[in-house]
Structure formats: C-alpha cells, structure tokens
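Here are my notes on this one, as numbered points. Have the coordinates open while you read.

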Amino acid sequence: MVAQSVFSVCGMCTVRCPIKVTVEDGQVTFIQGNPNVPAMKGAVCPRGAAGNALITDPERPQTPLIRVGARGEGKWRSVSWDEAFDYVAGKLTEVKDKYGAKGIALTDRGGPFRDMHRALLRGLGSPNYCNHDSSCARNVQHASLSVTGMGRKSMAYDFKNAKHVVLQLRNIFEAINVQEVNNLMDAMENGCKLTVIDIRATITASKATRYFQVRPGSDYAFNLAVIHELIKKRLFNEKYVGRYIEGLRELEQFIEPYSPEWAEAETGIAPAELRQFVRELVAAKGAVIWHPGWMAARYRDSFYVCRTAYIINALLGSFGAKGGMPLVSKPGDVGRADLKAFVDLYPKPADKRADGLGWRYTHFEEGPGLAHLMYEAIESQDPYPVKAYIAYRHDPLMGFPDPDRLRAMFNNLDLLVSVTFSWSDTAWYSDVVLPLSPYLERESVIATKNALKPQFFVRHRAIEPRYDSKADWEIVGGLAKRLGLNELVFDSIEDIWRFQLEGTGVQAKDFNATGMVNLADKPIYRDMDKLKFKTPSGKLEIISEKLEKAGLKSLKPFEAPETPPEGSFRLTFGRCAVHTQGHTVNNPLLFEQMSVNPLWINSQAAAKLGISNGDRVVVSQRDYSETTVAKVTDLIHPEAVFIIHGFGHRLPVESRAFGKGIADQNFMRGGLDKWDRAGGAIAYQEHFVTVRKA
Ligand SMILES: Nc1nc2c(c(=O)[nH]1)N[C@H]1C(S)=C(S)[C@@H](COP(=O)(O)OP(=O)(O)OC[C@H]3O[C@@H](n4cnc5c(=O)[nH]c(N)nc54)[C@H](O)[C@@H]3O)O[C@H]1N2
Ligand SMILES: Nc1nc2c(c(=O)[nH]1)N[C@H]1C(S)=C(S)[C@@H](COP(=O)(O)OP(=O)(O)OC[C@H]3O[C@@H](n4cnc5c(=O)[nH]c(N)nc54)[C@H](O)[C@@H]3O)O[C@H]1N2
Ligand code: SF4
Ligand SMILES: [Mo]
C-alpha cells in the first residue's frame with residue numbers, strides 16, 4: 001500500500017495549523033506541520049501529534065444520541081441520523097412557531113469554518129448567534145476597535161522581524177501557536193529581546209531577557225507608568241505620533257499622576273527597572289510588539305490593560321511597522337475576489353438581539369455577540385424567551401463561570417443540542433448530541449486567511465469516520481433539508497467548494513498540492529507614510545467616541561485590585577503545552593503526559609499553612625471544596641494560586657479524566673455577573689479561595 005499525503009488543518013486547538021497527514025491503508029500514520037509553510041518547520045505541537053489518539057479513542061460520542069433520562073443523568077437512546085435530524089428540526093420548528101425564530105440561539109467556538117452553520121441560523125431568521133469570545137479575547141478585540149477602528153486580527157504580530165517583544169498576560173511557549181513560536185525563536189536568535197510580564201515564572205519567562213513578576217491584577221498600573229515615562233521624557237516616536245495619534249493632549253493630562261514611583265506600590269516593580277526597560281523598547285525603533293494579550297478575560301479592568309497596550313504600541317510607532325504590528329491584507333486589498341459566503345444568502349434578521357448588543361449596548365461589536373448575556377436572556381426571558389439553543393463545537397458548562405447557575409438557566413430551554421466530537425459537560429447536559437467527526441475524519445468549507453500574504457485554505461478529509469459521525473456540512477445540510485433551507489443542502493463537498501469559489505479564479509483542485517492557495521507572492525507591508533485606520537478620525541484614537549457616548553471612560557483612573565481576604569488567595573489559571581482547554585484531558589496520549597492539574601502556591605504562603613510540595617490540598621470557597629496536589633514554588637506571586645484550566649471532569653464516560661484534578665470554573669460562583677462593561681468579557685480572576693492540607 002502506498003502512503004498518501006493529505007494537506008489539511010489541525011483541529012486540536014483554535015490555532016488551526018496547516019498540517020500534512022500521511023495515510024496508509026486507511027490509517028493515519030504520521031502528522032507533521034505542512035512543509036509548504038516555512039514557519040511550521042515541519043512540526044506540530046504535542047497536542048497536534050496526539051490527533052490520532054482521538055480517532056482511536058472509543059470514549060467519544062459514536063452515534064447521534066437523544067436523552068431519555070433527566071438532563072445530565074446520562075441516559076441516552078442511540079438513534080439514526082434521520083431520527084436525530086427529524087427530532088431537532090421538529091423541535092426547532094415548534095419553538096419558531098411559538099416564539100418566533102428569535103427564540104433560537106446558536107453559539108460556537110469562533111474560527112474560520114463557521115459560514116454554513118451561521119447561515120443556517122440566519123436562514124431560520126434568528127439574530128442570536130454568539131461565539132465563545134466573551135470567555136476569551138473580547139477585551140482585546142474591543143480595545144483594538146476602540147484605538148484603531150479595526151479588529152485585533154487586522155494586525156499581524158510580526159515576530160520574525162521584531163527587535164523587542166513584550167508578552168504581558170501571554171505565555172507563548174505554553175499557550176502555543178506553532179508559527180508564532182517558531183518565528184519568535186528565530187527572532188531571538190537574531191538578537192530580539194523578550195520581556196515577560198506575568199504573575200508566575202512560566203517557561204516563556206525562563207527564556208526571556210527580562211521578567212517582571214507583577215502583583216496579580218496590577219498590569220494597568222504598570223502600563224500607565226510606561227506611558228508616563230514615554231510621555232514625560234518625550235521618548236515616543238514624535239513623527240509617527242504627530243501623524244497618526246489623535247488625543248495626545250488628553251493622554252498627557254491623564255497620565256500626570258501615574259509615575260513609575262507611583263506604580264511601584266501597586267505592581268512591586270522598581271522604577272529604575274521600569275525606566276531601563278522603556279529605554280530598551282525605544283531603542284528597538286518601532287520593531288516592537290507589545291502583545292495586547294489573548295485570554296485577557298481576567299479582571300474588571302482588563303479591557304484597559306489591553307487598551308493601554310495598544311496605546312503603547314501607538315506611541316512606539318508599532319502599528320503598520322515591519323517587526324511590529326503590520327496591517328494585514330484581505331483578498332480585496334490585493335485585487336482578488338473573496339469567497340462567496342453562505343450567510344449572505346439571507347438578509348440580516350430584523351429582530352433585536354437577545355444579548356442586547358446593537359440596542360441596549362451600542363459600543364460593542366455586534367457580530368459575535370456576548371454569549372453570557374444571551375444566557376441571561378434564557379433565564380430572564382428579557383427581551384424575549386429564548387427556548388432552543390445549539391452549542392456548536394462549544395462547551396459553555398466548562399468555559400463559562402458558575403456551571404451550576406448556567407445549568408439552572410439551561411433548564412428554561414425546550415431544546416439543548418450539542419454538536420461535538422468529544423464528550424463535554426455541555427454535551428452531557430444536552431437533549432440531543434450530534435457527533436461531529438474529528439478533524440482528521442472530516443473536511444471543511446474553504447476559508448480566507450487575511451494576512452501579510454493573504455490566502456484561501458481548506459481542511460481535507462484524511463480518513464473515513466470510524467464511528468457514525470458526520471462532517472459539519474453534512475450536519476448543517478441534514479438540518480437545513482428538514483427546515484426548508486435548500487440552499488444549504490449539498491450532495492458533496494466539491495459542490496460547496498464550487499459555490500464558494502465562484503468568481504475567485506480559483507478551483508478546488510488548486511488546493512490539492514498544498515492545502516492552500518496564496519493570493520499574493522510575498523508578504524505585503526504598507527507604506528508607513530500612508531497608513532489609514534478605521535476610526536472616525538482615520539487616526540489612532542486615545543479618546544473613543546463610542547465609549548464616551550456609552551458613558552464609559554476612554555482613559556479610566558486606576559483602581560487597585562482587591563487584596564485577597566486574610567487567609568485567601570486569588571484564583572488564577574491558564575494553559576499548559578500538552579492540553580487544550582477541557583477537551584484533551586481524556587485523550588489517551590495527552591492524559592499520559594499530564595493527568596492532573598497541581599495547584600501552584602508560593603513557598604512562603606505554603607510554609608505558613610504547613611503545606612509541602614506534593615501534599616494533597618483542599619481548595620475551598622465558602623462551603624464548596626475540591627482536592628488536588630500542591631506544587632509549592634517560589635515562582636508565583638504570594639497573593640495568587642494557579643491551576644491549569646480544563647481538569648476536574650466528572651463524566652462517567654471519560655474513564656481517564658474522571659475525578660482528576662480540580663475545575664477552576666466551579667470556584668467562580670456569581671461569575672456570570674462579573675463582566676467588563678467596557679470590554680465585554682467575563683472577569684474570571686475576581687474570585688478567591690482558601691487552601692489547606694488534606
Ligand atoms: N475557568 C476558566 N474558564 C475558561 C478558561 C479558563 O482558563 N478558565 N479559558 C477560556 C478560553 S481562553 C476559551 S477559548 C474558552 C474555551 O472554551 P470552549 O469554547 O468551550 O472551547 P473548547 O474546550 O475548545 O471546547 C470546544 C468543544 O468543541 C468540541 N470540538 C468539536 N470540534 C472541534 C474542533 O475542530 N476543534 C476544537 N478545538 N474543538 C472542537 C470539543 O470537543 C469541545 O467539547 O474557555 C474559556 N473559559
Ligand atoms: N497548549 C495550549 N495552547 C493554547 C491553548 C490551549 O488550551 N493549550 N488555548 C488557546 C487559546 S483558546 C487561547 S485564548 C490562548 C491563551 O493564550 P495565553 O493568554 O497566553 O495563555 P494563558 O495561559 O491563559 O495566560 C497567559 C498568562 O497570564 C498569566 N497571568 C494570570 N494573571 C495575570 C496577571 O494578573 N498579570 C499578568 N501579567 N499575567 C497574568 C498566567 O500566569 C499565564 O502565564 O492559548 C491558545 N493556545
Ligand atoms: S498549536 Fe498545536 S494543537 Fe493547535 S492547531 Fe497547531 S498543532 Fe494543532
Ligand atoms: Mo481562548
């Protein structure tokens with residue numbers, strides 16, 4: 001049997017790296033980074049390499065399932081796809097007849113492959129699409145919009161050519177994006193400096209030229225002091241600032257009290273060190289990336305941390321610059337037609353959104369919504385009842401705070417459907433589970449990547465499904481057929497690709513050789529004298545009209561984070577290199593590499609509690625407790641404890657993950673109400689716990 005190479009896209013995390021899959025005799029024998037993309041260096045990360053273990057693992061939904069017991073009881077009837085589609089379409093139609101199409105909501109995990117299921121919802125006539133992002137990067141997105149008028153992905157992080165990279169709230173060597181990691185390592189070999197600002201000495205910090213351990217939640221103070229130094233010493237890029245910044249005078253007045261000496265009391269960082277750091281940034285002459293963060297849904301002022309990060313980039317002249325944050329190109333920017341979109345087949349629904357965006361909250365970007373506010377509407381029926389909810393590749397019961405409250409909200413639903421390739425807390429609580437084929441067993445719609453070198457790319461199916469699961473387009477098509485949305489029903493993926501590619505001059509076969517079609521020959525950097533931003537003034541704006549109109553401050557005075565109550569710690573969390581969120585802990589290969597999430601606790605704090613490294617500890621919040629093992633270390637700030645998110649599974653169908661480690665979301669009671677009015681994201685790290693030896 002000859003080996004076959006399939007160019008595809010990894011699905012083990014949200015990054016979606018281009019991969020080359022070797023298939024022999026209908027089995028996947030090797031997964032590597034797509035060699036046509038130099039920045040992949042032929043490699044994938046540990047999770048990408050474990051894709052095949054997901055295929056062979058029987059501990060995932062194998063057929064469509066309809067609930068027979070109570071919600072969450074785990075009693076299921078295995079049904080045919082026909083029956084599952086009929087059932088879901090029937091219930092959706094009932095809800096639509098009784099409450100209108102707006103009574104149906106769908107959330108997903110964002111990303112490039114969502115055109116068809118978004119079209120399905122819009123075709124039904126509902127405005128209630130949300131992605132997961134109020135649990136992740138919404139603050140960054142809204143900060144970017146407020147300063148540049150453009151979304152966060154309108155700028156690339158040009159790590160490869162950078163001279164100084166600042167990672168604040170960003171642990172790049174463990175929360176991995178393979179191409180970014182490789183590009184940053186190349187730059188560091190060429191002398192690029194790396195500064196890490198974290199509350200823990202991570203692996204990224206261990207590779208840094210400079211590491212600042214700040215007090216948890218004090219980043220805004222840190223950034224204000226950096227701005228103070230740049231402005232007071234006139235260290236900013238005068239030409240760039242004169243040309244592109246609107247509102248410098250307001251910034252100058254606002255920043256007055258926030259000196260490095262003032263900040264020291266908040267952050268714990270000595271003024272001399274901060275000043276030396278700022279001088280080094282300035283010396284890098286615009287080839288600076290001050291990363292605005294990714295999972296920046298942490299504090300009540302995280303939006304302002306991201307916003308000041310963008311302002312610092314502006315003062316240093318990083319926007320548009322090679323080695324900084326150059327603007328990306330869309331197909332239209334290089335004279336090419338973009339893909340035809342399925343969502344455009346239907347008009348934008350006229351009803352107002354259940355989450356209040358566009359009418360109650362006018363300063364937020366409407367498109368991906370704010371899922372937690374939609375959940376609130378399920379509970380309150382304000383502005384109207386939402387009675388059917390499809391969680392599409394999304395696990396809100398693990399990803400949002402306070403799962404007990406969320407489950408109570410979901411009890412108001414007439415229908416809860418989960419489309420997923422793995423078991424998840426949400427799937428377990430659903431009325432219907434529609435098993436999606438894992439990424440190696442399914443293909444996707446073609447997607448556009450806006451980039452320095454824009455492209456179209458596609459996920460090819462490497463192998464046939466082992467169980468009775470389906471690809472996205474098959475699931476959407478099966479429902480669409482029964483809901484009278486025949487435009488979304490296709491016999492083959494080739495027909496779908498043909499629809500999408502119409503008028504682009506590209507054909508499906510053009511993807512066979514590498515999995516992608518480049519729309520430009522080389523990376524395109526804009527002329528630094530002719531940058532345009534999409535704000536009302538066309539410049540980078542210190543004062544955002546949208547925020548001010550909504551009664552919010554563009555420049556918010558600093559308020560210190562709460563000090564943990566006596567004997568308590570702030571609960572902090574993040575990623576590790578071998579797991580993705582909650583859905584890989586039960587992966588046989590990855591579970592072997594890390595089966596439990598230890599609680600990081602500062603050595604001195606632990607000593608006071610009589611806790612030694614490796615002890616079992618009880619983590620508590622009021623009357624609620626879970627138990628794990630302690631990692632006692634000098635490397636974390638004494639006010640915080642830290643765990644890797646995604647553990648503490650309690651589903652009997654996951655024999656490996658069951659009962660291992662603790663679940664941070666369970667210690668966030670009331671957390672659905674703690675969200676950032678300016679940035680839109682949940683403030684996940686505003687919760688405290690106590691710790692004792694078990
Ligand atoms: N307490 C706490 N809450 C958090 C976080 C935290 O650290 N602590 N992290 C937050 C962050 S950064 C995010 S992004 C959200 C994530 O939370 P979710 O958005 O729920 O993301 P995933 O765990 O990736 O879950 C996606 C679900 O879709 C299924 N799935 C189906 N197909 C695919 C596929 O092709 N790719 C992927 N990746 N999944 C698929 C997976 O099996 C899984 O059940 O949670 C957020 N919530
Ligand atoms: N291996 C792996 N890679 C992933 C993912 C994964 O699950 N696994 N998920 C992907 C997703 S969805 C996302 S959103 C990204 C997330 O990427 P990141 O946001 O980089 O990852 P995190 O680990 O959530 O958080 C980064 C750091 O913030 C620190 N931190 C916590 N509190 C504070 C604070 O008050 N101040 C400062 N300065 N730092 C603080 C944490 O200690 C942590 O090291 O990763 C992506 N890549
Ligand atoms: S970072 Fe790793 S898991 Fe995520 S898409 Fe890339 S190879 Fe896959
Ligand atoms: Mo995320």
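Which residue forms a salt bridge with glutamate 639, and how far apart are the closest N and O atoms? That one is picked up in point 3.

1. Some ground rules. This is a predicted model, with local features needing pLDDT of at least 70 and side-chain atom pairs counting only at pLDDT 80 or more, while totals for chains, interfaces and linings use all residues. Residues are numbered from 1 along each chain as its sequence is written, chains are lettered from A and ligands numbered from 1 in the order in which they are written, and side-chain values use heavy atoms, with hydrogens and water left out.

2. The domains. Contact (heavy atoms within 4.5 Å) involves 21 residues of domain 2 and 22 residues of domain 3. About 1,900 Å² is buried between domain 2 and domain 3, with carbon and sulfur atoms giving 56%; buried area here is the accessible area (1.4 Å probe) that two parts lose on being put together, summed over both. On the domain 2 side, Arg200, Arg298 and Tyr299 lose the most area to domain 3, together 32% of what that side buries.

3. The partner of glutamate 639 is arginine 215, with the closest N and O atoms 2.9 Å apart. A salt bridge means a side-chain nitrogen of Lys or Arg within 4 Å of a carboxyl oxygen of Asp or Glu, and the count between domain 2 and domain 3 is 1. There are also 11 residue pairs in polar contact between domain 2 and domain 3, both residues at pLDDT 80 or more. For that term, take a pair of N or O atoms within 3.5 Å; within protein, one must be able to donate a hydrogen and the other to accept it, and residues adjacent in sequence count only if both atoms are side-chain atoms.

4. Ligand 1. Of the 26 residues around ligand 1 (a heavy atom within 4 Å), the nearest are Arg109, Asp395, Gly399, Ser422 and Asp664. The side chain of serine 422 has an N or O atom 2.3 Å from a ligand 1 oxygen; please look at that one on screen. Arginine 575 places a side-chain N or O atom 2.9 Å from an oxygen of ligand 1, and a polar side-chain atom of histidine 645 is 3.1 Å from a ligand 1 nitrogen.

5. Ligand 2. Arginine 575 turns up again: one of its backbone N or O atoms lies 2.7 Å from an oxygen atom of ligand 2. In total 32 residues surround ligand 2, and Asp198, Asp219, Arg298, Tyr299 and His579 are the closest. Arginine 200 has a side-chain N or O atom 2.8 Å from an oxygen of ligand 2. Isoleucine 176 uses a polar backbone atom, 2.9 Å from a ligand 2 nitrogen.

6. Ligand 3. Isoleucine 176 is also one of the residues around ligand 3, a list including Cys10, Cys13, Cys17 and Cys45.

7. Backbone to check. Aspartate 382 and proline 383 are joined by a cis peptide bond, omega about 10°. Glutamine 381 has a positive phi, near 60°, though not a glycine.
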